[in-house]
Amino acid sequence: MLGDVVGLGKTLTAVATALMLQAAEDYSTLVLCPKNLEAMWVQHLDEYDINGRVVPYSMADKLLPELKRFNLVICDESHNLRNNATVAYDAIHQYIRANGSKVLLLTATPYNLAFTDVANQIGLYLDEDDDLGIVPSKAMNNDPKLGSKVDGKLNTLTAFRRSEEAEDWKRLMSDHLVRRTRSFIKRTANKTTVTGPDGNSEEREYLEFTDGRRFFFPTRIATPLSHSFTK
(Lines give C-alpha, C1' and ligand atoms only; values in the text may rest on other atoms or scores of the structure.)
Protein backbone atom coordinates (compact mmCIF):
# COMPACT_ATOMS: atom_id res chain seq x y z
CA MET A 1 0.00 0.00 0.00
CA LEU A 2 1.37 3.37 -1.06
CA GLY A 3 -0.15 5.91 1.33
CA ASP A 4 1.67 9.14 0.45
CA VAL A 5 -0.37 12.26 1.16
CA VAL A 6 -2.07 14.10 -1.71
CA GLY A 7 0.26 15.61 -4.30
CA LEU A 8 3.41 13.56 -3.69
CA GLY A 9 3.10 11.46 -6.85
CA LYS A 10 1.35 8.18 -6.03
CA THR A 11 0.06 7.90 -9.61
CA LEU A 12 3.48 8.36 -11.20
CA THR A 13 5.05 5.98 -8.69
CA ALA A 14 2.49 3.36 -9.70
CA VAL A 15 3.20 4.03 -13.38
CA ALA A 16 6.94 3.58 -12.73
CA THR A 17 6.26 0.33 -10.87
CA ALA A 18 4.19 -1.02 -13.76
CA LEU A 19 6.89 -0.02 -16.26
CA MET A 20 9.66 -1.67 -14.24
CA LEU A 21 7.73 -4.92 -13.84
CA GLN A 22 6.75 -4.84 -17.51
CA ALA A 23 10.40 -4.46 -18.58
CA ALA A 24 11.83 -6.98 -16.10
CA GLU A 25 9.11 -9.62 -15.87
CA ASP A 26 6.84 -8.91 -18.87
CA TYR A 27 4.02 -7.97 -16.48
CA SER A 28 0.66 -6.71 -17.71
CA THR A 29 -1.24 -4.22 -15.55
CA LEU A 30 -4.89 -3.87 -14.58
CA VAL A 31 -5.86 -0.54 -13.04
CA LEU A 32 -9.01 -0.42 -10.92
CA CYS A 33 -10.21 3.04 -9.94
CA PRO A 34 -13.22 5.31 -9.37
CA LYS A 35 -15.11 6.19 -12.54
CA ASN A 36 -13.95 9.82 -12.48
CA LEU A 37 -10.30 8.70 -12.74
CA GLU A 38 -10.79 6.25 -15.59
CA ALA A 39 -9.90 8.68 -18.40
CA MET A 40 -6.76 9.84 -16.58
CA TRP A 41 -5.50 6.28 -16.16
CA VAL A 42 -6.30 5.37 -19.78
CA GLN A 43 -4.23 8.37 -20.84
CA HIS A 44 -1.32 7.35 -18.57
CA LEU A 45 -1.26 3.78 -19.86
CA ASP A 46 -1.25 5.09 -23.41
CA GLU A 47 1.40 7.78 -22.89
CA TYR A 48 3.80 5.46 -21.08
CA ASP A 49 3.10 2.49 -23.37
CA ILE A 50 1.98 0.21 -20.55
CA ASN A 51 0.43 -3.12 -21.51
CA GLY A 52 -2.71 -2.81 -19.47
CA ARG A 53 -6.35 -1.98 -19.05
CA VAL A 54 -8.47 0.28 -16.84
CA VAL A 55 -11.70 -0.85 -15.19
CA PRO A 56 -13.77 1.43 -12.92
CA TYR A 57 -14.91 0.00 -9.60
CA SER A 58 -18.52 0.35 -10.70
CA MET A 59 -17.92 -2.21 -13.46
CA ALA A 60 -15.74 -4.63 -11.51
CA ASP A 61 -18.44 -7.23 -10.82
CA LYS A 62 -19.51 -7.21 -14.49
CA LEU A 63 -16.11 -7.28 -16.22
CA LEU A 64 -13.63 -9.04 -13.94
CA PRO A 65 -15.16 -12.54 -13.98
CA GLU A 66 -14.46 -12.83 -17.73
CA LEU A 67 -11.29 -10.73 -17.85
CA LYS A 68 -7.94 -12.24 -18.85
CA ARG A 69 -5.13 -12.55 -16.33
CA PHE A 70 -3.19 -9.40 -15.46
CA ASN A 71 -0.01 -9.86 -13.42
CA LEU A 72 -0.26 -6.56 -11.54
CA VAL A 73 -3.44 -5.03 -10.15
CA ILE A 74 -3.29 -1.36 -9.15
CA CYS A 75 -6.20 -0.18 -6.99
CA ASP A 76 -6.32 3.61 -7.00
CA GLU A 77 -8.16 5.40 -4.16
CA SER A 78 -8.24 1.99 -2.49
CA HIS A 79 -10.08 3.38 0.55
CA ASN A 80 -13.15 2.88 -1.64
CA LEU A 81 -12.58 -0.82 -0.91
CA ARG A 82 -12.59 -0.52 2.87
CA ASN A 83 -15.95 -2.32 3.00
CA ASN A 84 -15.53 -6.01 2.15
CA ALA A 85 -19.28 -6.56 1.85
CA THR A 86 -19.71 -4.82 -1.52
CA VAL A 87 -20.07 -6.60 -4.87
CA ALA A 88 -17.08 -4.67 -6.25
CA TYR A 89 -14.86 -5.80 -3.38
CA ASP A 90 -15.94 -9.41 -3.79
CA ALA A 91 -15.29 -9.36 -7.54
CA ILE A 92 -11.82 -7.83 -7.10
CA HIS A 93 -10.95 -10.21 -4.26
CA GLN A 94 -11.94 -13.23 -6.35
CA TYR A 95 -10.06 -11.96 -9.42
CA ILE A 96 -6.82 -11.48 -7.48
CA ARG A 97 -7.10 -14.96 -5.94
CA ALA A 98 -7.96 -16.67 -9.23
CA ASN A 99 -5.05 -15.07 -11.10
CA GLY A 100 -2.39 -14.84 -8.40
CA SER A 101 -1.93 -11.16 -9.22
CA LYS A 102 0.42 -8.84 -7.36
CA VAL A 103 -1.36 -5.85 -5.85
CA LEU A 104 -0.45 -2.19 -5.37
CA LEU A 105 -2.92 -0.10 -3.37
CA LEU A 106 -2.89 3.71 -3.69
CA THR A 107 -4.60 5.92 -1.12
CA ALA A 108 -3.85 9.12 0.77
CA THR A 109 -6.41 8.12 3.41
CA PRO A 110 -5.84 4.43 4.23
CA TYR A 111 -7.58 4.72 7.60
CA ASN A 112 -11.06 6.17 7.99
CA LEU A 113 -13.07 5.11 11.02
CA ALA A 114 -11.82 1.71 12.14
CA PHE A 115 -8.83 -0.61 11.79
CA THR A 116 -11.04 -2.88 9.69
CA ASP A 117 -10.74 -0.21 6.95
CA VAL A 118 -7.07 -1.13 6.64
CA ALA A 119 -7.63 -4.85 7.19
CA ASN A 120 -10.10 -5.08 4.32
CA GLN A 121 -7.78 -3.26 1.91
CA ILE A 122 -4.73 -5.45 2.58
CA GLY A 123 -7.13 -8.38 2.73
CA LEU A 124 -7.40 -8.06 -1.04
CA TYR A 125 -4.00 -9.75 -1.30
CA LEU A 126 -3.63 -11.36 2.15
CA ASP A 127 -5.65 -14.44 3.04
CA GLU A 128 -7.25 -14.38 6.48
CA ASP A 129 -5.11 -17.32 7.69
CA ASP A 130 -1.79 -16.37 6.02
CA ASP A 131 1.20 -16.52 8.35
CA LEU A 132 2.10 -12.85 8.84
CA GLY A 133 5.16 -13.60 10.94
CA ILE A 134 3.91 -11.37 13.78
CA VAL A 135 1.11 -11.45 16.36
CA PRO A 136 -1.15 -8.73 17.85
CA SER A 137 0.79 -8.68 21.11
CA LYS A 138 -1.05 -5.74 22.68
CA ALA A 139 -4.43 -7.37 22.11
CA MET A 140 -3.07 -10.67 23.46
CA ASN A 141 -1.98 -8.94 26.67
CA ASN A 142 -5.45 -7.42 27.07
CA ASP A 143 -7.28 -10.66 26.28
CA PRO A 144 -5.48 -13.87 27.32
CA LYS A 145 -8.27 -15.87 25.64
CA LEU A 146 -7.67 -14.35 22.22
CA GLY A 147 -5.87 -17.46 20.99
CA SER A 148 -8.88 -19.68 21.59
CA LYS A 149 -11.10 -17.23 19.69
CA VAL A 150 -8.99 -17.61 16.53
CA ASP A 151 -8.23 -21.36 16.81
CA GLY A 152 -4.72 -20.62 18.00
CA LYS A 153 -3.80 -18.81 14.77
CA LEU A 154 -2.48 -15.65 16.35
CA ASN A 155 -0.13 -14.76 13.48
CA THR A 156 -2.98 -14.13 11.02
CA LEU A 157 -5.08 -11.27 9.72
CA THR A 158 -8.04 -12.90 11.47
CA ALA A 159 -6.29 -12.39 14.82
CA PHE A 160 -5.36 -8.80 14.02
CA ARG A 161 -8.99 -8.05 13.22
CA ARG A 162 -9.66 -8.74 16.92
CA SER A 163 -7.27 -5.98 17.97
CA GLU A 164 -8.30 -2.40 18.71
CA GLU A 165 -4.75 -1.48 19.70
CA ALA A 166 -2.99 1.07 17.51
CA GLU A 167 0.42 -0.42 18.34
CA ASP A 168 -0.60 -3.76 16.84
CA TRP A 169 -1.73 -2.12 13.62
CA LYS A 170 1.35 0.10 13.37
CA ARG A 171 3.50 -3.02 13.59
CA LEU A 172 1.46 -4.85 10.96
CA MET A 173 1.30 -1.94 8.55
CA SER A 174 5.05 -1.34 8.83
CA ASP A 175 5.31 -4.46 6.64
CA HIS A 176 2.71 -3.31 4.11
CA LEU A 177 2.54 0.49 4.01
CA VAL A 178 4.87 3.07 2.47
CA ARG A 179 3.80 6.57 3.51
CA ARG A 180 5.42 9.96 3.08
CA THR A 181 4.17 13.32 4.28
CA ARG A 182 5.10 16.80 3.12
CA SER A 183 6.90 17.41 6.41
CA PHE A 184 8.97 14.26 5.84
CA ILE A 185 9.90 15.39 2.32
CA LYS A 186 11.00 18.77 3.65
CA ARG A 187 13.03 17.24 6.47
CA THR A 188 14.92 14.97 4.06
CA ALA A 189 15.29 17.47 1.19
CA ASN A 190 18.44 19.34 0.25
CA LYS A 191 18.93 22.68 1.98
CA THR A 192 20.66 25.87 0.94
CA THR A 193 20.85 29.49 2.07
CA VAL A 194 19.17 32.04 -0.18
CA THR A 195 18.98 35.82 0.02
CA GLY A 196 15.58 37.42 -0.38
CA PRO A 197 14.63 40.73 -2.04
CA ASP A 198 14.90 42.42 1.36
CA GLY A 199 18.53 41.33 1.72
CA ASN A 200 17.80 38.86 4.49
CA SER A 201 19.14 35.32 4.22
CA GLU A 202 17.20 32.21 5.10
CA GLU A 203 17.58 28.44 4.77
CA ARG A 204 15.31 26.92 2.13
CA GLU A 205 14.55 23.30 1.27
CA TYR A 206 14.61 22.21 -2.36
CA LEU A 207 14.39 19.21 -4.67
CA GLU A 208 16.76 18.95 -7.61
CA PHE A 209 15.47 17.61 -10.93
CA THR A 210 17.56 15.46 -13.27
CA ASP A 211 18.31 18.45 -15.49
CA GLY A 212 19.76 20.38 -12.55
CA ARG A 213 16.80 22.68 -11.95
CA ARG A 214 15.89 23.29 -8.32
CA PHE A 215 12.37 23.33 -6.97
CA PHE A 216 12.11 25.32 -3.74
CA PHE A 217 9.31 24.51 -1.36
CA PRO A 218 6.91 27.46 -1.18
CA THR A 219 6.73 29.37 2.08
CA ARG A 220 3.19 29.75 3.35
CA ILE A 221 2.45 33.21 4.67
CA ALA A 222 -0.84 33.57 6.52
CA THR A 223 -2.60 36.87 5.85
CA PRO A 224 -5.53 37.86 8.08
CA LEU A 225 -8.66 39.14 6.37
CA SER A 226 -10.95 41.46 8.31
CA HIS A 227 -14.69 41.35 7.79
CA SER A 228 -17.52 43.09 9.60
CA PHE A 229 -20.49 40.90 10.49
CA THR A 230 -24.02 42.12 11.17
CA LYS A 231 -26.18 40.44 13.79
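Asp-49 sits in the loop that links helix H2 (38-47) and strand S2 (52-56). Helices (H or I, at least four residues) and strands (E, at least two) are DSSP runs, numbered from the N terminus. Please keep in mind that this is a predicted model, in which local features need pLDDT of at least 70, side-chain atom pairs count only at pLDDT 80 or more, and totals for chains, interfaces and linings use all residues. Residues are numbered from 1 along each chain as its sequence is written, and side-chain values use heavy atoms, with hydrogens and water left out.

**Two residues with a positive phi**

- Most residues other than glycine have a negative phi.
- Asp-49 is not a glycine, yet its phi is positive, at about 55°.
- Is Asp-49 buried or exposed? Asp-49 is exposed, with a relative accessible area of 60%; buried means under 20% relative accessible area, exposed over 50%, and partly exposed in between (1.4 Å probe, protein chains only).
- Glu-77 also is not a glycine and has a positive phi, of about 50°.
- Glu-77 belongs to the loop between strand S3 (72-76) and H4, and with 30% relative accessibility Glu-77 counts as partly exposed.

**A helix on the inside**

- Why is helix H5 (residues 115-122) largely enclosed by the rest of the structure? Of its 8 residues, 7 are buried, so the rest of the structure largely encloses H5.
- The buried residues of H5 include Phe-115, Val-118 and Ile-122, along with Asp-117 and Asn-120.
- Packed against the buried residues of H5 you will find helix H4 (87-99), strand S4 (102-106), helix H8 (157-160) and helix H9 (166-173).

**The whole protein**

- In total, the protein has 10 helices and 7 strands.
- Its radius of gyration is 22 Å, whereas a compact globule of 231 residues would have one near 17 Å; the value is taken over C-alpha atoms, and the globule rule is 2.2 Å times the number of residues to the power 0.38.
- The C-alpha trace spans about 70 × 50 × 50 Å along the principal axes.
- Of the 231 residues, 39% are buried.
- Looking at contacts (heavy atoms within 4.5 Å) between residues at least 6 apart in sequence, 63% join residues at least 24 apart.

**Surface**

- The protein exposes about 14,000 Å², and carbon and sulfur atoms supply 51% of that area; accessible areas come from the Shrake-Rupley method with a 1.4 Å probe.
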